[in-house]
Amino acid sequence: MKLFHYAAPQHFYPLAGRLWPWLALMATVLALVGLWVGFMVAPSDAQQGQAYRIIYIHVPVSWMAMVIYLAMAFWSVLGLVFNTRLSGLMTRALAPTGALLAFLSLWTGALWGKPMWGTYWVWDARLTSMLILLFLYLGYIALTSAIEDPRRSDRAGALVAVVGAVNVPIIYFSVKWWNTLHQGASVSLTQSPSMASIMLTGMLLMSLAVWLYAAAIALWRVRSMILERDSHAAWVHQLPEVLAHRAHRDWRGAA
Amino acid sequence: MNTPAMTVPVSALVAQPALPSPWQAMLGLLRRDLRLALRRKAEWLGAVFFFVLVAALFPLAIGPEPATLRLIGPGVLWVAALLASMLSLGRLFDADHQDGSLEQLALSVAPLPWMVSAKLLAHWLISGLPLVLLSPLLGLQFGLGGRGLGHVGAHALDRHARVVTFGCNWRGPHFGCARWRGVAVAFALAFVCAGVGVRHGCGRRADAWPRGRSACVHHVGPLARFSGAQPLGLCGGFALGAGMKREGP
């Protein structure tokens with residue numbers, strides 16, 4: 001039962017408030033260190049020269065775009081099975097960040113593709129499935145914002161999130177299943193890394209930074225969503241920040 | 001008790017609001033429309049999303065052969081921009097018509113053509129500009145090069161201007177008949193725009209574009225037509241104004 005304690009928005013709100021500043025701080029520090037390692041310390045690549053350095057942005061962002069969709073699917077399953085109120089809110093809070101990261105992944109990939117492949121875009125299996133991921137994010141956002149009733153909109157969105165999750169393994173394995181222009185995975189859990197350890201360090205630092213950033217921004221966003229959806233509830237009206245806001249508004253109204 | 005204050009005429013005591021100049025009224029309306037659009041993002045983002053999605057679905061459906069894509073790219077983008085423009089056309093006057101603010105605009109002292117121009121300009125900025133900016137980006141997906149991208153952008157511009165002006169012309173007089181006007185306007189627009197587009201050769205093959213006419217004409221042509229379409233839009237505005245004045249009190 002303790003597990004579901006934080007499934008109530010009322011209990012999750014203060015927890016998220018305590019967590020997100022620390023996550024954001026750590027994300028900033030790690031990103032600065034990761035960028036320093038990636039752009040200052042790591043040597044240039046033997047084949048690709050300086051242009052390879054886009055991987056310090058491109059790879060972490062692409063990973064996270066996929067991970068966030070899986071996280072959305074996870075929360076959606078939880079919401080559909082247990083009917084917890086927080087699940088829909090978490091799914092919703094993750095979606096804009098996922099869309100942003102998917103877009104950044106495509107964008108940085110295009111910028112890298114021009115000098116390397118000679119084109120910004122090809123209809124390669126990896127690129128196409130990533131584009132579909134972006135559309136899934138956008139479709140989720142469009143669908144949930146089109147339905148007025150919040151619970152119904154959460155359910156409809158959850159369905160999209162769960163069904164669309166099929167796309168994530170397709171993205172991941174596309175470089176193996178099809179003969180793609182996109183190169184294979186640079187990092188693997190089963191084999192020893194094929195890249196220099198300093199490059200790997202930079203990439204992992206950036207991945208951690210993006211990971212923490214996504215968590216921080218999602219928690220920050222879910223707090224606003226909780227306040228908005230529970231605006232009729234008594235506990236919201238007793239929150240110190242809400243009381244302070246109201247006092248400030250009254251004071252301005254009086255002045 | 002005949003104090004001097006009592007001899008002052010009442011009209012001097014009541015603050016006389018200064019009438020806004022047409023420019024001020026136009027700017028105010030423009031700002032209002034833009035602010036409303038920023039608050040209801042879903043309305044116009046939907047059309048933009050539609051445009052991107054349609055353009056991305058064609059290569060998925062047809063296949064990724066670069067030669068084929070380069071062949072169909074401009075046409076697909078042209079059709080997609082046309083349909084997306086028609087999708088967002090509904091928000092040009094309908095919401096204002098329903099809540100009565102269109103009537104108030106027509107009754108206001110500000111000159112009606114200025115008001116309609118402001119609404120057209122706001123509509124173009126909200127739903128036309130994103131299409132124009134996006135179409136070269138989508139052109140990259142079809143393997144179009146520098147010159148082709150310029151054409152695609154210019155044609156999106158042209159397309160949207162045409163749809164808006166015709167839309168304004170057609171929607172204006174038809175406000176009364178709500179039931180069929182959506183369908184009618186859609187059909188009429190599709191045929192009128194398609195007809196004009198085909199006549200101008202907008203849907204021509206990409207590789208034929210630079211050779212068909214001189215590059216200069218190609219770049220300037222759509223822009224010239226766009227500027228030519230603006231007076232048309234104003235005519236639409238006048239027609240709308242006249243129609244409303246007839247219906248009004």
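Modeller: Gladly! A salt bridge is counted when a side-chain nitrogen of Lys or Arg comes within 4 Å of a carboxyl oxygen of Asp or Glu. This is a predicted model, in which local features need pLDDT of at least 70 and side-chain atom pairs pLDDT 80 or more, while totals for chains, interfaces and linings use all residues, and side-chain values use heavy atoms, without hydrogens and water. Residues are numbered from 1 along each chain as its sequence is written, and chains are lettered from A and ligands numbered from 1 in the order in which they are written.

Biologist: What makes B:Asp33 and B:Arg32 a salt bridge?

Modeller: Their closest N and O atoms are 2.8 Å apart. That value is within the 4 Å limit, so the pair qualifies. B:Arg32 also meets B:Asp96, with 3.1 Å from N to O, and this pair passes by the same rule.

Biologist: Which residues does the salt-bridge network in chain B link?

Modeller: The network links B:Arg32, B:Asp33, B:Asp96 and B:Lys119. Side chains of opposite charge can pair when their charged atoms come close.

Biologist: Why is B:Asp33 called buried, and why is B:Arg32 called partly exposed?

Modeller: Look at the relative accessible area: under 20% is buried, over 50% is exposed, and partly exposed is in between (1.4 Å probe, protein chains only). B:Asp33 has 8%, so B:Asp33 is buried. B:Arg32 has 26%, so B:Arg32 is partly exposed. B:Asp96 has 7% and therefore counts as buried too.

Biologist: What makes the meeting of the A:Thr108 and A:His58 side chains a polar contact?

Modeller: A polar contact is a pair of N or O atoms within 3.5 Å; within protein, one must be able to donate a hydrogen and the other to accept it, and residues adjacent in sequence count only if both atoms are side-chain atoms. Here the distance is 2.9 Å, so the pair falls inside the limit. A:Thr108 sits in helix H3 (residues 85–117) of chain A and is buried at 7%. Leaving aside residues up to four places away in sequence, A:Thr108 touches A:Ile54, A:Ile57 and A:His58.

Biologist: Is A:Asn83 buried, partly exposed or exposed?

Modeller: A:Asn83 is partly exposed, because its relative accessible area is 40%. A:Asn83 belongs to the loop between helix H2 (55–82) and H3 of chain A. Its phi is near 60°, a positive value in a residue other than glycine.

Biologist: How do you know which residues of chain B and chain A are in contact?

Modeller: Contact means heavy atoms within 4.5 Å. By that test, 11 residues of chain B are in contact with 10 residues of chain A. The rules find 0 salt bridges and 1 residue pair in polar contact across this interface, both at pLDDT 80 or more. On the chain B side, helix H4 (41–62) and helix H8 (112–141) each supply at least two residues. H4(B) gives the most, with 6 residues.

Biologist: What makes up chain B by way of helices and strands?

Modeller: Chain B has 12 helices and 0 strands. Of the 249 residues of chain B, 44% count as buried. Among contacts in chain B between residues at least 6 apart in sequence, 82% join residues at least 24 apart.

Technical notes: Helix = DSSP H or I, 4+ residues; strand = E, 2+ residues; numbered from the N terminus.
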